[in-house]
2 protein chains.
Amino acid sequence: MKEQIKVIAFDADDTLWENETYFRNSEEKFAMLLSDFMPPHDVNRALLRVEISNIPSLGYGVKSFIISMIEAAMEISDGRLHTDDIQRIIQIGKDQLAKPVHLIDGVQEVLNRLQRKYRLVMATKGDLKEQESKLIKSGLEAYFHHIEILSEKKEANYKKLISHLDVKPDQFLMIGNSLKSDIIPVLELGAYAVHVPFHTTWEYEKVESKIEHEKFSHIEDIKELLEILL
Amino acid sequence: MKEQIKVIAFDADDTLWENETYFRNSEEKFAMLLSDFMPPHDVNRALLRVEISNIPSLGYGVKSFIISMIEAAMEISDGRLHTDDIQRIIQIGKDQLAKPVHLIDGVQEVLNRLQRKYRLVMATKGDLKEQESKLIKSGLEAYFHHIEILSEKKEANYKKLISHLDVKPDQFLMIGNSLKSDIIPVLELGAYAVHVPFHTTWEYEKVESKIEHEKFSHIEDIKELLEILL
């Protein structure tokens, strides 16, 4: 494949930098706050339900997460929540937004070496403001020829991106941790995809299937890209 | 100027479609909800203060607005707010997101005629998910060669956009209702700008200055663009 590829697109959250761990951490604080009303596992289940129901109207990111936590808290406590706790919930989200960005081990070296041979882009899903702020904190901006923040990562979104980049699907490689968002829609279009799992996956992004496809590869560590692509 | 211009960029909120009126409407509902604690004018002032303090971390859009309303309500009621009211506040925001898009009179004809001679782009500030959803509801997507949703509308953001569009600043014309966001930073870069005021302006976007600049025009109705540009 390395003879063909012209553009390599990287997912950001949990591919270039840690993200899901911060959400898990906020969820734990949230469950603790509601422990008088419900055991933690059930709190998380109720929260996930509210989050998924809010995706069509609110999308992804910490702001939606804050609103979903508040709604879930009202539901879980049956309205008996103290108003101070609402402020605490908002603070959980704001603290998460203020966290530093932790790069995944090896990312900087991989980008630095790949950029000499390929055009690199970042293709991430989520909230514009949050993703831009993480990109700036990450110090990785200069490696990317183009940054694309998508409201969803579905086939139509990738199709638009690839045409905008002026390449054919088989000259495009996507790298990411989510089979559902980074791999399956990309393979459907006839492009290449490499899966690098992160140790934690959000329930909503989990898919069961095992992928067998000639344009698909699976690696355990992002540094293995150098062997495949150089 | 019409001999030079290659790309015309349109602001969206309150330039192509109504937006500020929806926020004003939500603010009225919010002030009503808190009328036991404070007169409406003071509620609005308190809310604006919270909104402005949240822009650096939360950015623009209805989700930030929901969170700011909740925070302002806690402050205004000194924590004595009933938890049901929190749910009502979230609903005010969700209702706003679900509103249909009302095009400003003449927009469709203007875009239709200008697209034959110029490359049209949409350059709007705000929340990715919300702006995409409004664009789809507006039915205007097909008129635009490119859609750019910016986290801020400052000189650096426009500079990047113009270079991405592969034109020189004096081949670029920006049209919008906000002097602060659509006009001043664009003129600073040496590009052209046309101001079309909307009847309502958010306090935060208001500027006092009167602009005199050779690359600046002011019109009262978007349909006047046809006289200037064709």
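Helices (H or I, at least four residues) and strands (E, at least two) are DSSP runs, numbered from the N terminus. Please keep in mind that this is a predicted model, in which local features need pLDDT of at least 70, side-chain atom pairs count only at pLDDT 80 or more, and totals for chains, interfaces and linings use all residues. Residues are numbered from 1 along each chain as its sequence is written, while chains are lettered from A and ligands numbered from 1 in the order in which they are written.

Most residues other than glycine have a negative phi. A:Asp14 is also buried, with 23 other C-beta atoms within 10 Å. Here a residue is buried if 20 or more other C-beta atoms lie within 10 Å of its own, exposed if 12 or fewer, and partly exposed in between, with C-beta atoms placed from the backbone.

In chain B, B:Asp166 likewise is not a glycine and has a positive phi, of about 65°. B:Asp166 sits in the loop between helix H7 (155-164) and strand E4 (172-176) of chain B. Is B:Asp166 buried or exposed? It counts as exposed, with 9 C-beta neighbours inside 10 Å.

Let me turn to the strands of chain A. Strand E4 (residues 172-176) of chain A has 5 of its 5 residues buried. In a regular strand the side chains alternate between the two faces of the sheet. Both faces of E4(A) are covered: on one side A:Phe172, A:Met174 and A:Gly176 are buried, and on the other A:Leu173 and A:Ile175.

Which strands pair with E4(A)? Strand E1 (residues 7-10) of chain A pairs with E4(A) in the parallel sense over 4 bridges, and two strands are said to pair if DSSP finds at least two bridges between them. In this pairing A:Ile8 stands opposite A:Leu173. Strand E5 (residues 192-195) of chain A also runs parallel to E4(A), over 4 bridges, with A:Ile175 opposite A:Val194.

E1(A) is joined to E2(A) as well, again in parallel and by 4 bridges. There A:Ile8 stands opposite A:Leu120. Strand E2 (residues 119-125) of chain A is largely enclosed by the rest of the structure, because 5 of its 7 residues are buried. E2(A) then pairs in the parallel sense with strand E3 (residues 146-150) of chain A over 5 bridges, and in E3(A) A:His146 is the bridge partner of A:Val121.

Next come two helices of chain B. Helix H1 (residues 20-33) of chain B has 14 residues and reaches 20 Å from its first C-alpha to its last, close to the 20 Å expected at 1.5 Å a residue. That expected span is 1.5 Å times one less than the number of residues. The buried residues of H1(B) are B:Ser26, B:Phe30 and B:Leu33. They cover an arc of only 50° around the axis, which puts them on the same side of H1(B); the arc is that of the directions from the helix axis to the C-beta atoms. On the other side of H1(B), B:Arg24 and B:Met32 are exposed. Helix H2 (40-58), helix H3 (62-76) and helix H4 (83-98) of chain B are among the elements that cover the buried residues.

As for H3(B), 13 of its 15 residues are buried, so this helix is largely enclosed by the rest of the structure. Just after H3(B), B:Asp78 takes a positive phi of about 55°.

Finally, how many residues of each chain are in contact with the other chain? The count is 25 residues of chain A with 25 of chain B, contact being C-beta atoms, placed from the backbone, within 7 Å. Helix H2 (40-58), helix H3 (62-76), helix H4 (83-98) and helix H6 (128-138) of chain A each supply at least two residues of the side that touches chain B.

Chain A can be laid on chain B with an RMSD of 0.0 Å by a turn of 180° and a shift of 0.0 Å along the axis. That is the relation of a two-fold axis, the superposition being by least squares on the C-alpha atoms of residues with pLDDT of at least 70 in both. Since 100% of the interface residues of chain A are also interface residues in chain B, the copies meet through the same surface.

Technical notes: Two residues are in contact if their C-beta atoms, placed from the backbone, lie within 7 Å.
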